[in-house]
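Dear colleague,

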Amino acid sequence: MNMIGTKWVFRNKMDEQGIIVRNKARLVAKGYNQEEGIDCDETYAPVARIEAVRLLLAYAYLSGFKLFQMDVKSAFLNGFINAKYMSLNNPDLKTTNCLDMFTNLRRLSMDLNKLLGNGMKD
Amino acid sequence: MDKTLFIKNSENDIILVQVYVDNIIFGSTNELLCQEFVLDMQGEFEMSMMGELNYFLGLQIKQLQNGTNVGLWYLNEVTLNLKGYSYSDFVGCKLDRKSTSGTCHLLGASLISWNSKKQACVALSTTEAKYIAIGSCCAQICWLKQQLSNFGLKVTEVPLFCDNTSAINLTKHPVHHSRTKHIEIRHHFIREQVSNGICEIKFIESEKQLADFLTKPLAKDKFNYLRTELGILDYSNIA
């Protein structure tokens with residue numbers, strides 16, 4: 001089992017004139033440390049084929065029902081992780097306590113593989 | 001089985017939910033099922049309800065560069081039949097002498113999928129080139145058929161239109177002669193599908209072949225004709 005490291009990503013959002021309007025910080029997981037078969041099982045992304053979307057559009061139209069649309073706010077921040085996960089904190093952060101080295105993950109998007117497995121299956 | 005399509009049947013009604021990562025489109029024959037689904041989802045996840053579908057993954061593209069409003073329209077037609085068109089040129093590529101397949105599929109009068117792809121191997125005759133194209137057209141039909149059966153719609157033999165009679169005959173009678181015996185086994189996939197009744201290969205005149213424009217440039221009149229036939233219409237002519 002690999003320990004998944006984290007990294008802070010800082011990004012400045014600019015408007016049309018190139019003036020910085022927002023500073024964004026995001027804690028990301030170094031998911032590339034995971035190995036298939038050891039840390040996760042089969043993974044897949046729920047991406048529909050564009051033909052499937054068009055087929056649904058045509059079918060809905062021809063059988064006369066309305067289609068609606070919704071959007072999950074930030075795809076990966078939802079769903080709880082069932083198992084207990086620890087993630088290694090970024091060494092950049094000055095930590096005094098040994099325990100601070102780890103973040104206990106409960107509702108974070110750190111383990112995308114597990115999250116997709118648990119949260120997004122119907 | 002499509003892992004991005006979720007279906008729920010209750011009595012005579014059905015709700016279909018198509019997921020694209022965090023975007024969801026859904027519709028139901030019964031409005032109540034939709035409302036129920038919305039509440040369920042909002043309880044579980046933080047959702048933004050976007051309302052009636054009007055823009056999805058850039059599917060509504062309004063303007064082309066030349067300033068005309070041309071788009072794909074799904075016009076009113078009540079028939080729910082699936083059709084496939086398959087066409088191929090012969091030795092379209094001057095470099096490696098491979099041919100190009102062009103296929104398109106319509107549900108009623110609505111264009112659903114299309115494909116224009118250089119074939120993976122060199123064809124020795126037009127018949128062979130068309131035969132390969134029919135094969136890939138049929139593979140797509142199999143998938144569309146499965147998807148439609150998930151929607152609760154049973155389609156029987158799907159007509160697949162081809163403009164080459166010898167290729168059609170080749171799909172029906174497993175004859176081997178000197179000009180065709182080298183055609184690879186995988187292209188004979190189509191034969192099995194025909195004998196299983198998945199699709200039915202039909203002849204169509206070249207003039208009415210809708211997949212014609214997928215393999216080569218055409219004269220303006222013919223191009224415009226095919227474009228209209230496929231439901232790619234000028235917005236200003238409709239509204």
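Is V91(B) buried or exposed? V91(B) is buried, because its relative accessible area is 15%, under the 20% cut-off. Please keep in mind throughout that this is a predicted model.

**Two loop residues in chain B**

V91(B) belongs to the loop that runs between β6 (82-88) and β7 (100-107) of chain B. Its backbone deserves a note: phi of V91(B) is near 55°, which is a positive value in a residue other than glycine. For context, most residues other than glycine have a negative phi. R97(B) is found in the loop between β6 and β7 of chain B as well, and phi of R97(B) is near 60°, again a positive value in a residue other than glycine. With a relative accessible area of 43%, R97(B) is partly exposed, whereas V91(B) is buried.

**The two chains**

Chain A contains two helices and five strands. Along the sequence, the elements of chain A come in the order β-β-α-β-β-β-α. Chain A has 122 residues, of which 32% count as buried. If one takes the contacts in chain A between residues at least 6 apart in sequence, 50% of them join residues at least 24 apart.

Chain B contains six helices and 11 strands. Chain B has 239 residues, and 46% of them count as buried. For contacts in chain B between residues at least 6 apart in sequence, the share that joins residues at least 24 apart is 59%.

**Helix α2 of chain B**

Helix α2 of chain B covers residues 126-150. The helix has 25 residues, and from its first C-alpha to its last it reaches 36 Å, close to the 36 Å expected at 1.5 Å a residue. Of the 25 residues of α2(B), 19 are buried, so the helix is largely enclosed by the rest of the structure. Just after α2(B), G152(B) adopts a positive phi of about 90°.

The crossing in which α2(B) passes α3(B) is right-handed. On the α2(B) side, the residues that meet the partner helix are T127(B), K130(B), Y131(B) and I134(B); on the α3(B) side, they are S166(B), A167(B), L170(B) and T171(B). By class, the residues of this contact are four nonpolar, three polar and one charged.

From α1(A), the contact draws on E51(A), A52(A), L55(A) and Y59(A); from α2(B), it draws on Q140(B), W143(B), L144(B), Q147(B) and L148(B). The contact of α1(A) with α2(B) has six nonpolar, two polar and one charged residues.

E51(A) sits in helix α1 (residues 50-62) of chain A and is buried, with a relative accessible area of 15%. Leaving out residues up to four places away in sequence, E51(A) touches I112(B), S113(B), Q140(B) and W143(B).

**S101(B) in strand β7**

S101(B) is located in strand β7 of chain B. S101(B) is buried, with a relative accessible area of 5%. Apart from neighbours within four places in sequence, S101(B) is in contact with Y87(B), S88(B), N115(B), S116(B), K117(B), Q119(B), A133(B), S136(B) and T215(B). S101(B) and D212(B) are 111 residues apart in sequence, and their C-alpha atoms are 9.8 Å apart in space.

With kind regards

Notes. Residues are numbered from 1 along each chain as its sequence is written. Chains are lettered from A and ligands numbered from 1 in the order in which they are written. This is a predicted model: local features need pLDDT of at least 70, side-chain atom pairs count only at pLDDT 80 or more; totals for chains, interfaces and linings use all residues. Side-chain values use heavy atoms; hydrogens and water are left out. Axes are lines fitted to C-alpha atoms, for helices over the stretch in contact, and angles run from 0 to 180 degrees between N-to-C directions. Helices (H or I, at least four residues) and strands (E, at least two) are DSSP runs, numbered from the N terminus. A crossing is left-handed if the near helix is turned anticlockwise from the far one by less than a right angle, and right-handed if clockwise. Contact means heavy atoms within 4.5 Å. Ala, Val, Leu, Ile, Met, Phe, Trp, Tyr, Cys and Pro count as nonpolar, Asp, Glu, Lys and Arg as charged, and the others, Gly among them, as polar. The expected span of a helix is 1.5 Å times one less than its number of residues. Buried means under 20% relative accessible area, exposed over 50%, partly exposed in between (1.4 Å probe, protein chains only).
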